[in-house]
Amino acid sequence: MSGNIRLLADTLARAGKENRAALIAYLPAGFPTVDGGIAAIQAALYGGADVFEVGLPHSDPVLDGPVIQTADDIALRGGVRIGDVIRTVREAYRATGKPVLVMSYWNPISRYGIERFARELAEAGGAGCILPDLPVQESAAWRDRATKLGLATVFVAAPSSTGPRLREITAAGSGFVYASSLMGVTGARAADGEAAPTLVRRLREVTDLPVCVGTGISNAAQAARVARYADGVIVGTALVKAVLDAPDEAAALTAVKTLTAELAEAVRRT
Amino acid sequence: MSAMNSEESGYFGAFGGKFIPEALVAAVDEVAAEYGKAKADPAFATELEELLVHYAGRPSALTEVPRFARHAGGARVFLKREDLNHTGSHKVNNVLAQALLTRRMGKPRVIAETGAGSHGVATATACALFGLKCTVYMGEVDTRRQALNVARMRMLGAEVIPVTSGSRTLKDAINETFRDWVANTDTTHYIFGTVAGPHPFPAMIRDFQRIIGVEARRQILERAGRLPDAAVACVGGGSNAIGLFHAFLPDQDVRLIGCEAAGHGVETGKHAATLSAGEPGILHGSRSYVLQDEEGQITEPCSISAGLDYPGIGPEHAYLHEIGRGEYRPVTDDAAMQAFRLLASTEGIIPAIESAHALAGALDVGAELGPDGLILVNLSGRGDKDMDTAARYFERNAT
């Protein structure tokens with residue numbers, strides 16, 4: 001069975017034709033429980049997210065702010081395993097038919113086995129991986145398997161990336177390129193300055209890949225501004241926070257669905 | 001044999017590399033470029049030398065410890081006295097050099113992680129000297145067991161931020177320092193404290209610590225008339241050990257022995273013995289050995305020594321281990337504390353608990369070598385900071 005890189009490409013292209021940015025949502029697997037996490041992800045997809053990034057919780061999430069750190073911690077203390085992450089992808093995809101990626105630090109995948117992880121992800125109907133601490137130069141073995149199995153490899157570009165780096169990242173990447181809107185860890189912030197539009201413009205000069213913007217986008221107003229110039233808007237921390245702040249699981253699902261619906265409305269350009 | 005086979009790309013054999021987020025690539029490349037320029041600039045070497053001699057007090061002494069050595073099979077034992085450096089440990093060697101780099105890069109702010117506080121104190125010291133703003137991240141557990149060093153850093157004008165994530169020790173302090181750096185690369189240099197992290201840190205910090213072995217090799221030739229049978233050092237991240245070992249790499253007859261923190265014993269699972277019990281993996285930007293579970297989650301280390309309480313190790317040590325040039329042995333809390341007391345009571349030198357692991361290793365090596373043996377031990381730091389921990393340990397273990 002082949003992974004769903006095509007579905008990812010078609011989904012992003014269709015959003016563009018509909019004159020809107022795609023909404024890409026993130027939650028870690030196993031948060032607050034494996035089944036609770038699957039329900040929350042499905043709620044986000046039913047609520048209007050076009051694409052989902054399932055986080056693979058890590059003991060040392062160096063790129064994440066306190067909110068996602070807390071979620072990873074809850075998931076790991078609950079005993080989440082990589083098998084649960086794969087099951088989360090499978091159930092999210094089966095229930096909604098939408099593209100589902102995994103976002104992971106590199107050590108868990110490297111340790112689990114590149115071949116094994118890629119095969120299981122493709123079999124589950126996954127669309128690819130975002131690997132924020134795997135540099136392009138170290139990624140050949142992964143990309144080889146991913147390409148053969150129909151999985152996208154999404155690299156992250158930063159405002160500090162040099163021109164040659166942007167060329168490398170986009171030449172090696174597939175699916176889309178993740179443009180980090182600011183310098184810093186994940187988490188809601190007030191700032192949305194010139195860094196993101198400038199980075200998107202620089203990326204468009206070197207690639208035809210869709211450019212999706214994430215990091216620090218937490219509400220509809222920010223999402224609407226980013227949607228004017230990006231192919232996709234990525235929201236993570238705000239969804240995690242909605243789950244954390246909810247008094248119980250039912251309230252969490254409602255909060256996720258409501259926030260996703262607002263964001264899905266906001267990414268329409270008309 | 002060379003440990004430098006592909007240092008340009010940041011690899012020691014299969015270990016090292018640069019596993020970092022894109023947002024740090026430009027900053028890390030800037031450090032590598034600036035270090036490259038500094039290496040080629042005689043003014044940098046001159047200025048560093050001036051600081052090391054007139055500010056840090058180098059060269060550090062080499063002290064023979066015959067009363068201690070009676071417990072080491074009668075072998076001769078010499079201590080390289082990094083504890084006598086300004087700030088009380090070998091950390092000052094690296095920090096002064098990186099402070100010079102910080103100034104060359106025109107960055108007004110420095111951040112650092114610290115475990116036992118030795119690197120934090122050295123960094124705070126250099127920042128006071130150079131007029132740089134300084135923030136030190138320290139695991140909350142460590143701020144308690146090394147309270148004296150927290151007070152020292154604050155007196156020196158540094159901001160000390162207790163880290164409450166994860167195991168609240170060195171690993172988590174490093175995570176938090178990286179998080180700060182990602183957001184502040186324009187203004188801030190990360191003075192990494194050990195020979196781990198992404199390229200160029202392992203090779204660059206090794207170069208800055210190399211002076212330990214260069215001096216010690218010369219000193220022991222003068223004093224003992226020959227090279228030692230073994231050079232022994234404690235290993236957490238591994239900066240004092242690589243600093244001692246590197247000058248002896250070509251001397252095949254000199255055994256290089258790294259003493260890892262075995263905590264309650266490797267068999268108990270409560271330890272920080274990364275090469276003895278870890279597996280290859282990626283932590284803090286490089287591939288090396290790591291304490292981890294079968295799904296790549298980093299496991300919590302355990303050691304009485306805050307400076308060795310780390311689930312990773314520098315990639316060059318992983319390489320020396322793999323090719324058999326370095327020997328890495330576990331040393332328990334108990335063995336280290338016995339050596340700690342022994343050195344204090346026989347020689348009037350109170351070592352850092354980190355360095356006491358090397359002393360315990362030397363006692364075993366001496367017993368193996370016998371009276372003809374000659375052992376060089378890196379006394380990487382002094383134990384003032386550890387008096388609380390030691391008092392509590394000996395109270396608990398009173399016989």
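**Exercises on chain B**

**Exercise 1.** In this predicted model, compare the radius of gyration of chain B with that of a compact globule of 399 residues.

*Solution.* Step 1: for 399 residues, a compact globule would have a radius of gyration near 21 Å. Step 2: the value for chain B is 19 Å, which agrees. Step 3: along the principal axes, the C-alpha atoms fill a box of roughly 55 × 45 × 40 Å.

**Exercise 2.** Describe the make-up of chain B by secondary structure, burial and contacts.

*Solution.* Step 1: chain B has 16 helices and 15 strands. Step 2: 65% of its 399 residues are buried, that is, under 20% relative accessible area. Step 3: take the contacts between residues at least 6 apart in sequence; 75% of these join residues at least 24 apart.

**Exercise 3.** Which residues of helix 7 of chain B are buried, and what do they pack against?

*Solution.* Step 1: helix 7 spans residues 147-155, and its buried residues are B:Asn149, B:Val150 and B:Met153. Step 2: these residues lie on the same side of helix 7, because the arc they cover around the axis is only 105 degrees. Step 3: their packing partners in chain B are strand 5 (109-114), helix 5 (118-130), strand 6 (133-139), helix 6 (140-145) and strand 7 (159-163). Step 4: just after helix 7, B:Gly157 takes a positive phi of about 95 degrees.

Definitions and conventions: Residues numbered from 1 in each chain as written. Chains lettered and ligands numbered in written order. Predicted model: local features only at pLDDT ≥ 70, side-chain atom pairs only at ≥ 80, totals over all residues. Heavy atoms only, no water. Helix = DSSP H or I, 4+ residues; strand = E, 2+ residues; numbered from the N terminus. Rg over C-alpha atoms; globule rule 2.2 N^0.38 Å. Buried < 20%, exposed > 50% of the residue type's maximum accessible area, 1.4 Å probe, protein only. Contact = heavy atoms within 4.5 Å. Arc of directions from axis to C-beta.
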